[in-house]
Amino acid sequence: MKKTVNELQDQFRQLRLSETAEELPQLLREAEKSSWTYLEFLESITRYELAKREAKSFEKRMKWARFPFVKSLDEFELNGQNVLTARQLTQLRELSWLEQQYNLIILGPPGIGKTYIAIGLGLEAVSRGFNVYFATMGELVQLLKTEEYLNKSKVQLKRMRNADLVIIDDLMYMAMDQREANLFFHLINHLYERSSIILTSNKSPEEWGNMIGDQGITTAILDRLLHRVEVIQGGENEESYRMKNRKSIF
Ligand code: ADP
Ligand code: MG
């Protein structure tokens, strides 16, 4: 039973191992050159296919997450900020809060790194195999309001509802009307106990009521958000990182 490499490659493709099919000639050459055992050869094939699949799945998770920018927490500057201690940063990066479905609320004035921390943690989650979805509050409300008649919104919201981690950036920067508040409540209710949520806001939860309008809905939303939550409070008089590092034009 002598097969040509081409025939073998076809069979690999039929078995849905197309990445390995492409690589097969190189793997065979290496096997011969290094006199691999049967076991080593088989292992190199499965390892190759698995690595390729993981890379593809990572790419898809990154795309679906819709991060507005990508910046690792490796570059988080601990000096000169009082949002996170080194220990808190390490603990957050371990993601046990995500495994235990805790929410994170990151509060504080503009420019102190709220969005950066949220995205940085989102990136860690993606590389650990979690599905993540990022949206600003403005985008989110827009998606919810157009879900009924825009297929695009439907698709996005489906991904969001199935994500392990949903990041909602800049919560309550705007007032919501009754319908928007209702839609938002239903989303939070769906995510509650199913996923973790990271919220960032420059308003304190006490002020959220004014933005949502309806006190009953506000209480219901807060109930669910605050049930299992870690609050990260950036100092009120924390100097904005943007301000400190702004380039002077003079
Ligand atoms: P916020 O969301 O609180 O308004 P951002 O997350 O947008 O602030 O941060 C503003 C800018 O400053 C971003 O470019 C961010 O990467 C940077 N930044 C903020 N805090 C830090 C930090 N501790 N280390 C490094 N860069 C930071
Ligand atoms: Mg921000």
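User: What lies 2.8 Å from an N or O atom in the side chain of Thr-115?

Analyst: A polar contact is a pair of N or O atoms within 3.5 Å, and in this predicted model an oxygen atom of ligand 1 lies 2.8 Å from such a side-chain atom of Thr-115.

User: Which residues come nearest to ligand 1?

Analyst: A residue is near a molecule if one of its heavy atoms lies within 4 Å of it; of the 14 residues around ligand 1, the nearest are Lys-71, Gly-111, Lys-114, Thr-115 and Tyr-116.

User: At what angle do the axes of α7 and α9 cross?

Analyst: Axes are lines fitted to C-alpha atoms, with angles from 0 to 180 degrees between N-to-C directions. Here helix α7 (residues 137-146) and helix α9 (residues 178-191) have axes that come within 10 Å and cross at roughly 95°, which means that α7 is roughly perpendicular to α9, a word used for 65 to 115 degrees.

User: How are residues and atoms counted?

Analyst: Residues are numbered from 1 along each chain as its sequence is written. Side-chain values use heavy atoms, leaving out hydrogens and water.

Key
Chains lettered and ligands numbered in written order. Predicted model: local features only at pLDDT ≥ 70, side-chain atom pairs only at ≥ 80, totals over all residues. Helix = DSSP H or I, 4+ residues; strand = E, 2+ residues; numbered from the N terminus. Parallel < 35°, antiparallel > 145°, perpendicular 65-115°, else oblique. Polar contact = N/O pair within 3.5 Å; in protein donor to acceptor, adjacent residues only side chain to side chain.
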